[in-house]
Amino acid sequence: MHRDSDAEDTRLLEEGRIAVLLAKYDPAIVGRCIARLHGSSDAEDVAQDIRLRLLAEFHRGRRYRVPYRVVVHQVVGWTLRDHFAGRPTDVALREGWEPAVEDESPAIVSQDYLERLFDPLPARQREVLELRYLEGLERDEIAERLGMSANAVDQALHNGHAKVRDVLIHG
C-alpha cells in the first residue's frame, strides 16, 4: 500500500506539484496538531508552520532518501517540538508566492472531521475524546459527567490519542 503512495509522492515531487502533495498530507498534519495540542487554537497555526517548512524545503531543492510521508511526519514532530520549546517555527515565504490550491484547512478541522476521526475508537475512548475536543470540557468536567475518576479520563485520553495517531500515520 505504501509503495504505490510513495511512488505517487515521488512523481509529484519530480513534477514540482508540491501543492498537490501538501494537500494530500494536510489531513494528517492537521490531525496530529489537533491531537498534540488538544484542539487548541494553536493547532492550525502550527499546521501552517509545518506546511510552510515543507514548502521551503522543496523550494531549496531538497530531496530525500526516505519516502516523503516519512519526511512529513518528521517535520511535524520537529515543528511540534519547537512549538513546545517556545522556539519560532514560522518560515518566510519568497516574494510573490501564491498558493496553487485553495486552503481547505477550515473544512478539515471541522466537527465532522473529528467525529469521523473518533469513529473507530472504542465507545468509552470516543466519548471522552468527543467531550474533550468537540465540547471543550476539561478532564475534571468529563470525569464528573461520565461518573469516572480523573485518572480513568486521563487513561482514556492517552489511549485514544495513541489510536488516533496510529490511524493518522498508518491510515
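**Helices H7 and H9 are roughly perpendicular to each other (a term for angles of 65 to 115 degrees; under 35 is roughly parallel, over 145 roughly antiparallel, and the rest oblique).** Welcome to a predicted model, in which local features need pLDDT of at least 70 and side-chain atom pairs count only at pLDDT 80 or more, while totals for chains, interfaces and linings use all residues. Residues are numbered from 1 along each chain as its sequence is written, and side-chain values use heavy atoms, with hydrogens and water left out. The axes of H7 (residues 123–133) and H9 (residues 150–170) cross at roughly 95° and come within 9 Å. Axes here are lines fitted to C-alpha atoms, for helices over the stretch in contact, with angles running from 0 to 180 degrees between N-to-C directions. On the H7 side, Gln125, Val128, Leu129, Arg132 and Tyr133 take part, and among their partners in H9 are Val153, Leu157, His161 and Val164; contact means heavy atoms within 4.5 Å. Sorted by class, this contact has seven nonpolar, four polar and two charged residues. Ala, Val, Leu, Ile, Met, Phe, Trp, Tyr, Cys and Pro count as nonpolar, Asp, Glu, Lys and Arg as charged, and the others, Gly among them, as polar.

**The whole protein has nine helices and zero strands.** Its pattern along the sequence reads α-α-α-α-α-α-α-α-α. Helices (H or I, at least four residues) and strands (E, at least two) are DSSP runs, numbered from the N terminus. Of the 171 residues, 39% are buried. Buried means under 20% relative accessible area, exposed means over 50%, and partly exposed lies in between (1.4 Å probe, protein chains only). Among contacts between residues at least 6 apart in sequence, 62% join residues at least 24 apart.

**The largest nonpolar core holds 43 residues.** Such a core is a set of buried Ala, Val, Leu, Ile, Met, Phe, Trp, Tyr and Cys residues joined through side-chain atoms within 4.5 Å. Ile18, Ile29, Ile50, Leu54, Tyr68, Phe118 and Val128 touch the most other members. Elements giving two or more residues to this core include H1 (2–14), H3 (42–59) and H6 (111–118), and H2 gives the most, with eight residues. Setting aside neighbours within four places in sequence, Ile29 is in contact with Ala47, Ile50, Leu54, Val72 and Val76. In soluble globular proteins, nonpolar side chains tend to be buried together.

**Ile18 is a buried residue, with a relative accessible area of 7%.** You will find Ile18 in helix H2. Beyond its neighbours within four places in sequence, Ile18 is in contact with Leu13, Leu55, Phe58 and Tyr68. The C-alpha atoms of Ile18 and His59 are separated by 9.4 Å, though the two residues are 41 apart along the chain.

**Tyr25 and Tyr68 form the one aromatic pair in the structure.** Rings of Phe, Tyr and Trp (its six-membered ring) pair if their centres lie within 6.5 Å; planes under 30 degrees apart count as stacked, over 60 as edge-to-face and the rest as tilted. Here the ring centres are 5.9 Å apart and the planes stand at 65°, so the pair is edge-to-face. Tyr25 lies in helix H2 and Tyr68 in helix H4, so the pair ties together parts that are 43 residues apart in sequence. Both Tyr25 and Tyr68 are buried.

**Arg145 sits in helix H8.** Arg145 is partly exposed, at 49% relative accessible area. Not counting residues up to four places away in sequence, Arg145 touches Leu131, Glu135 and Leu137. From Arg145 to Leu131, 14 residues apart along the chain, the C-alpha separation is 9.3 Å.

**Ser40 is placed in the loop between H2 and H3.** With 29% relative accessibility, Ser40 counts as partly exposed. Ser40 and Gly136 are 96 residues apart in sequence, yet 9.4 Å apart in space, C-alpha to C-alpha.
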